Amino acid sequence: MTQQAAALQTYNNELVKCIEDLSSKRDELNRQIKQEEEEKERLQHDIRVLSEKLNRVEESLVQRLAARATFDRTIAETEAAYTKILESSQSLLSVLKREAGNLSKATEPRRKEQ
């Protein structure tokens with residue numbers, strides 16, 4: 001019976017060791033799970049912060065694009081008006097020179113023919 005008791009004691013020791021090994025592995029797994037859950041929470045927080053920042057940047061970008069479009073439109077309209085002013089000035093100068101020439105001819109004393 002001592003041989004059976006020794007065998008039973010050996011089985012009992014192995015069973016206890018297996019249970020301790022499994023408990024140790026479970027504890028390690030729990031540590032890893034907790035670590036990954038904390039990382040997940042950090043990442044979710046970072047995602048929320050970055051999403052809010054992205055929304056603010058997108059809103060700012062929309063406003064800046066609208067402002068740029070207004071600048072572009074104003075510049076184009078101003079350049080077109082300036083071009084018309086230059087063309088009108090050139091036409092006015094041509095008319096003025098022609099009229100000045102006509103006035104000079106009309107006011108010159110006539111020469112007597114000899």
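User: If a salt bridge is a side-chain nitrogen of Lys or Arg within 4 Å of a carboxyl oxygen of Asp or Glu, how many salt bridges are counted?

Analyst: This is a predicted model, in which local features need pLDDT of at least 70 and side-chain atom pairs pLDDT 80 or more, while totals for chains, interfaces and linings use all residues. Residues are numbered from 1 along each chain as its sequence is written, and side-chain values use heavy atoms, without hydrogens or water. One of the pairs joins Asp-27 to Arg-26, with N and O 3.9 Å apart, and by this rule the count comes to three.

User: Which residue forms a salt bridge with Lys-17?

Analyst: Lys-17 is exposed at a relative accessible area of 51%, given that exposed means over 50%, buried under 20% and partly exposed in between (1.4 Å probe, protein chains only). With the closest N and O atoms 3.4 Å apart, the partner of Lys-17 is Asp-21.

User: What is the N to O distance in the salt bridge of Glu-28 and Arg-31?

Analyst: Glu-28 and Arg-31 are three residues apart in helix H1, so about one helical turn separates them. Glu-28 is partly exposed at 34% relative accessibility, and Arg-31 is likewise partly exposed, with a relative accessible area of 45%. Their side chains meet with an N to O distance of 2.5 Å.

Note on methods. Helices (H or I, at least four residues) and strands (E, at least two) are DSSP runs, numbered from the N terminus.
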